[in-house]
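Reader: I have a model to set up. Please walk me through its architecture.

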Amino acid sequence: MTPREDEVMQAGLDAASAEGKTPEEARAAKEEEAQVKKWLARIEEAREFDKEIWQEMATDRGYAAGLSAHAVSVNLIGSAVDTMKSTLYARNPDVAVVPARQTSLPTVDRPIPPPGPPVNPIEQVSGIAAQVSPEGAPPISLMADPMVQAKVAPLLEKYDADVAEFDAAMAMFNAEMQAYGDEMKNRRLSRETRKRFSETLEILISKSWALADLKTEARVAVGATLTTKIGWMKLAWHEDQGLDPVSNRRLASLQENIRLIDDLRARAKDGQGTENLDALRQETAEAIAALNAAVEVVTARGLVCDSIPPEDMTVPIGVTRVASATASSPWLAQRIFMSCELARREFPEVPDECWKSAQRYSQRKPKMALRVAFESHPGIEVSSASDASQFTQGPDGMRTEMVSGAEGEFVCIHEVWDKESGIVRTLCEGVKRYVRPPHAPEISVTRFYPFYNMAFVEADGLRYPQSMVQRSRGLQDEYNARRSSLKAQRDRAKQGILADGSAIDKDEMNKIVSSVEGEITVIDTTGNKPIQNVFMAKPTVQLDPALYEVDSIRRDFEEMWGLQQARMGGVRVEQTATEAEIQDAGFNARITFMREPLETMLNEMSIATAEMLLQRLSLEDAIEYAGPGSVWPEAASVSDLATLVSVTIKAGSTGKPNTSAERNAWAQTMPMMTQLITQIGTLRDAAQTEVADKLEQMADITLRLSGSSIDVEQIIPQESMPNPAQMGMPAPGMEMQAPPPPQGPMGPSAPPSMIDDF
């Protein structure tokens, strides 16, 4: 620290001591002021570095809005942007969550049952006796013979030993089968649990995006990317408690209304410097009445999605590719313009005297210009960096005192996400302290930043990408120039009549000039010239249509944007359905380079959404939003997500569905899949109900692809209650008969007579 800085610091400490602050508090305040000053200087330096980029963005927006100094203006660029927005992002993407790939478990061989039971020797003796007995005579009891008994006795002993060995083998086989069944059941249960968790997470991500209105914000970001080089989005989790990221969108909640009422009460109680005090008290009473009558949740929470104007994002110097800033930048800052009243409520810990030094901004008044003058043509040389923003510092924006309740006054908040320190800093231009204490993100995600960007056209070696508008500005100017020249030529080629002044009197000429269409005009000519020799048509400059043709410009424009005439809304050459389908396939192939960065951004958003939901939702929340079959690992951490599931989006699912192609592909695939489901179910000995469920899903897919709104449950037979008679249950009033005793593993016993004889 230099001696001069020491003096300044000491003077500040002395002043703080005079205000009643302790030396530690005074020193902390001065250090905070120095940090705020340093970060505001960093932001200002980075924004000055990219000043020409903001200037060019203003130019591109003028072209996309159709502002032109030409006499004839055809907004080809605006039409192309609208067409591409609806094509690239027609719907929210289909989230695909599948169990994470894992190595296969070792194969467990199915236990082999032991050979059949041993043969009872008495049965053999009985068979021999039956063979040697005379026909019709009773079998000879060979067991009565002592010699036979002596020979059979060892066989019986061996038989008893074989039976005991067989019983032991069967007991071991039953135990092994039980263990094998338990292992297969556990593996099947593990697969089913991971599958149900994947399905639960997939439903929750899709619903969270729908509630956050992702489609609306993403379409705005796509339009910004096409127009101004790069599109930015912000996705964060908001709750009433805690330090939420600053966002343009706010969740309506009871706490927000209470803060508003507290602010109104404080201003009405003070009364000093507050204009229209009675009106302020009336506004407070109305807010309280509305609060008492409203039915609201106590705590509002959920995803908040914002599209950020590219000029409101600050990327530090040193980043060579802004499109990769979320991965390589040490810090990123978002600029948010906020009304003075909202800023006071959003940051209540900042004293009112601090807001008095805040720099003021005002919003530009909207202008409707169908055709601008040449000096207002959206050229780079006439646009300024401030033209890229709706907020500017005019004469009224330089006031140093904050007027309570003044409408139209805004302050500029900078939310800095410092990745190197893992801290979020919130600053306000002109305020010498943090408007919110620096803090770590309460809900951390792997990528740290809540910002996401996409760039469709990157040129090698450039810090910022190019925009489609930038690439086609010359074509639109040339198109409008040719149309304007054609109009000027037509205006100059006005038809007229030339007359011989010596052959017609002035009064007679006035008759011709003042005559109307269809009127018979009688005139007298002087001399003896025939009247056809007195008048002649005025010669005009001949038009050469080839000099003003625009078809070549349209072809170049369509080639650059990847659009064909059918998608631009006009068909100049009649086409067959096959030709249109071929062109559509070519269009999809040409815009693939635009889909890839969009889908990359959405993939990152899907992973971050899954990480936020894993930290903030409980099993009860999952069941409420995804159904009673939900599986939710409440004890899992963000690091466990990659080991549990793989989160992506289905490629191409944001665009308009190619229904015809999907139907044709499904018509060929469905019969094969139906047959495979039946065969696999038979081989696995699967329950018929499970096979029926899979076939029902096939029917549901078929109906959806056909464009039908019929619910599959309306046409699919449902499971009926079982018939008691079919289950062996007794009919009402009858007793159930005991089943016959089961036979043991050794088969039927020997005949009782032979046992008795033995």
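Reader: How many helices and strands does the protein have?

Author: This is a predicted model. Its chain has 758 residues, and buried residues make up 36% of them. The secondary structure comes to 22 helices and 14 strands.

Reader: What share of the contacts with a separation of 6 or more joins residues 24 or more positions apart?

Author: Contact here means heavy atoms within 4.5 Å. Among contacts with a separation of 6 or more, residues 24 or more positions apart account for 78%.

Reader: How much of the accessible surface belongs to carbon and sulfur atoms?

Author: The accessible surface of the protein is about 44700 Å². Carbon and sulfur atoms hold 54% of that surface.

Reader: Which strands stand at the edges of the open sheet of 3 strands?

Author: The strand order is β3-β2-β11, with antiparallel pairing. Neighbouring strands there are turned by 20 degrees against each other on average, direction ignored. Two strands have a single partner each, so one side of each lacks a neighbour in the sheet. These edge strands are β3 (301-308) and β11 (451-454).

Reader: Is S606 buried or exposed?

Author: S606 is found in helix α17. Beyond its neighbours within four places in sequence, S606 is in contact with I205, W209, V647, T648 and I649. Buried means under 20% relative accessible area. S606 has 0% relative accessibility and therefore counts as buried.

Reader: Which residues touch the most other members of the largest nonpolar core?

Author: In soluble globular proteins, nonpolar side chains tend to be buried together. The largest nonpolar core here has 61 residues, and α17 gives the most to this core, with 10 residues. The members that touch the most others are L201 and W561.

Reader: What is L201 in contact with, leaving aside its neighbours within four places in sequence?

Author: The heavy-atom cut-off for a contact is 4.5 Å. By that test, L201 is in contact with V97, A610, W632, L641, V645 and V647.

Reader: How many residues does the second, separate core have?

Author: Its members include A58, M313, V322 and F448. The second core has 20 residues.

Reader: Which way do α13 and α15 run relative to each other?

Author: Helix α13 spans residues 468-492 and α15 spans residues 551-561. Their axes come within 10 Å and cross at roughly 170 degrees. The contact includes L475 and Y479 of α13 and F557 and W561 of α15. Angles over 145 degrees count as roughly antiparallel, so α13 and α15 are roughly antiparallel.

Reader: Which strands stand at the edges of the open sheet of 5 strands?

Author: The order is β4-β5-β8-β9-β10, with antiparallel pairing. Two strands have a single partner each, so one side of each is left without a neighbour in the sheet. They are β4 (313-314) and β10 (436-439).

Reader: What angle does the direction of helix α2 make with that of β9?

Author: Strand β9 (residues 423-428) pairs with β10 over 2 bridges, and V424 stands opposite H439 in β10. Helix α2 (residues 23-49) packs on the sheet, touching β4, β5, β8 and β9. Its direction and that of β9 make about 85 degrees.

Key
Residues are numbered from 1 along each chain as its sequence is written. This is a predicted model: local features need pLDDT of at least 70, side-chain atom pairs count only at pLDDT 80 or more; totals for chains, interfaces and linings use all residues. Side-chain values use heavy atoms; hydrogens and water are left out. Helices (H or I, at least four residues) and strands (E, at least two) are DSSP runs, numbered from the N terminus. Buried means under 20% relative accessible area, exposed over 50%, partly exposed in between (1.4 Å probe, protein chains only). Accessible areas come from the Shrake-Rupley method with a 1.4 Å probe; for residues, only the protein chains shown count as cover. Two strands pair if DSSP finds at least two bridges between them. Axes are lines fitted to C-alpha atoms, for helices over the stretch in contact, and angles run from 0 to 180 degrees between N-to-C directions. A nonpolar core is a set of buried Ala, Val, Leu, Ile, Met, Phe, Trp, Tyr and Cys residues joined through side-chain atoms within 4.5 Å. Angles under 35 degrees count as roughly parallel, over 145 as roughly antiparallel, 65 to 115 as roughly perpendicular and the rest as oblique.
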